[in-house]
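Let's read a protein model together, one feature at a time. Have the picture open while we talk.

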Amino acid sequence: MSKKEIDALTAEFFGAFDNRGGTAADVARIRRLVIPGGVIVKTGPEFTAYTVDEFVEPRERLLAGGRLAEFHEWETSERTDIAGDVATRFGEYRKAGVLDGEPFEGGGTKAIQFVRTPEGWRIAAFSWYDAP
């Protein structure tokens with residue numbers, strides 16, 4: 001059952017950024033999916049560590065403000081290891097959208113650490129690397 005729950009949580013995580021077809025992205029759901037105090041890290045040339053609010057707020061503006069439209073991202077492969085109440089998922093992903101009127105595509109790697117809480121599985125931390 002844990003793997004199915006983690007699969008569903010991961011799909012909900014990726015779905016939080018989807019604003020295709022004029023629908024509003026629900027980036028705020030990240031606050032529910034990530035435990036309080038969770039850590040979010042972007043690697044690469046602009047290495048940044050975020051709190052949940054520091055991560056969510058600019059993405060809400062970007063996805064709702066019209067600069068980034070028809071955006072979505074999806075997992076293309078994954079490996080999930082579960083040991084008791086902790087799990088780690090390492091996966092490749094793709095993304096596509098229209099930024100400032102220009103279509104784009106990209107992808108990279110995400111690593112997500114999950115913990116089982118009294119409310120079910122939640123994300124304790126995630127990091128990502130966007131391929132150049």
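## Reading the fold, step by step

Ser-2 is buried, as its relative accessible area is 16% (buried means under 20%, exposed over 50% and partly exposed in between, using a 1.4 Å probe and protein chains only). Keep in mind that this is a predicted model, where local features need pLDDT of at least 70, side-chain atom pairs count only at pLDDT 80 or more, and totals for chains, interfaces and linings use all residues. Residues are numbered from 1 along each chain as its sequence is written, and side-chain values use heavy atoms, with hydrogens and water left out.

Q: Where is Ser-2 placed, and which residues is Ser-2 in contact with, leaving aside neighbours within four places in sequence?
A: Contact means heavy atoms within 4.5 Å. Helices (H or I, at least four residues) and strands (E, at least two) are DSSP runs, numbered from the N terminus. Ser-2 sits in helix H1. Leaving aside neighbours within four places in sequence, Ser-2 is in contact with Ile-82, Arg-116 and Trp-121.

Q: How do I read a sheet, and in what order do the strands come here?
A: Strands of a sheet pair through backbone hydrogen bonds, either parallel or antiparallel. Two strands count as paired if DSSP finds at least two bridges between them. Here 6 strands make an open sheet, ordered E2-E1-E6-E5-E4-E3, with mixed pairing. At the edges you'll find E2 (48-50) and E3 (68-83), each pairing on one side only. On average, neighbouring strands of this sheet are turned by 20° against each other, ignoring direction.

Q: What packs on the sheet?
A: Helix H1 (residues 2-15) does, touching E3, E4 (86-99), E5 and E6. The direction of H1 makes about 160° with that of E3. For such angles, axes are lines fitted to C-alpha atoms, for helices over the stretch in contact, and the angles run from 0 to 180 degrees between N-to-C directions.

Q: How many bridges join E3 to E4, E4 to E5, and E5 to E6?
A: E3 and E4 run antiparallel, joined by 13 bridges, and Thr-80 has Arg-89 in E4 as its bridge partner. E4 and E5 are antiparallel with 14 bridges, and Phe-90 stands opposite Ala-111 in E5. E5 (residues 102-117) and E6 (residues 120-130) are antiparallel too, with 10 bridges; there, Arg-116 is partnered by Trp-121 in E6.

Q: Which residues have a positive phi although they are not glycines?
A: Most residues other than glycine have a negative phi. Glu-70 has a positive phi of about 50°; Glu-70 lies in strand E3 and is partly exposed, at 39% relative accessibility. Asp-100 also has a positive phi of about 50°. You'll find Asp-100 in the loop between E4 and E5, a hairpin with 2 residues between the strands, and Asp-100 is partly exposed at 48%. The hairpin of E3 and E4 also has 2 residues between its strands, and there Gly-84 takes a positive phi near 65°.

Q: What makes up the largest nonpolar core?
A: A nonpolar core is a set of buried Ala, Val, Leu, Ile, Met, Phe, Trp, Tyr and Cys residues joined through side-chain atoms within 4.5 Å. The largest one here has 26 residues, and those with the most contacts inside it include Phe-13, Ile-30 and Phe-114. Among the elements giving two or more residues to this core are H1, H2 (30-33) and H3 (52-64). Phe-114 touches residues including Ile-6, Leu-9 and Ile-123, not counting those up to four places away in sequence.
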